[in-house]
Amino acid sequence: MCETPTLDADEIKEKFIIAYNQLLGNRKELFEACELMCEEVGDCSALNAEIDKLNEEIE
């Protein structure tokens, strides 16, 4: 006889919902952090300035 504990679908759903709510319990801070990262990653002004400088040198 197998004595390994098992989880049924209802237990898995319950644990998932608990984990999901813990993660999204701080959703305001999470979304603010994501927006900040998008701004940082999406800021190409330094690269664009370098491209402009190099294009001027080429011309």
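The protein chain contains three helices and zero strands, where helices (H or I, at least four residues) and strands (E, at least two) are DSSP runs numbered from the N terminus. From the N terminus on, the order of elements is α-α-α. The model is predicted: local features need pLDDT of at least 70, side-chain atom pairs count only at pLDDT 80 or more, and totals for chains, interfaces and linings use all residues. Residues are numbered from 1 along each chain as its sequence is written, and side-chain values use heavy atoms, with hydrogens and water left out.

Along the principal axes, the C-alpha atoms occupy a box of roughly 80 × 30 × 15 Å. Of the 59 residues, 2% are buried (under 20% relative accessible area; exposed is over 50% and partly exposed in between, with a 1.4 Å probe and protein chains only). Carbon and sulfur atoms account for 59% of the accessible surface of about 6000 Å².

The protein chain carries 5 positive and 16 negative charges, whose mean positions lie 10 Å apart. Lys and Arg count as positive and Asp and Glu as negative, without His and the chain ends; charges are placed at NZ of Lys, CZ of Arg, CG of Asp or CD of Glu. Glu32 belongs to helix 2 (residues 27-42) and is partly exposed, at a relative accessible area of 44%.

Terms used: Areas by Shrake-Rupley, 256 points an atom, 1.4 Å probe, with all protein chains shown as cover.
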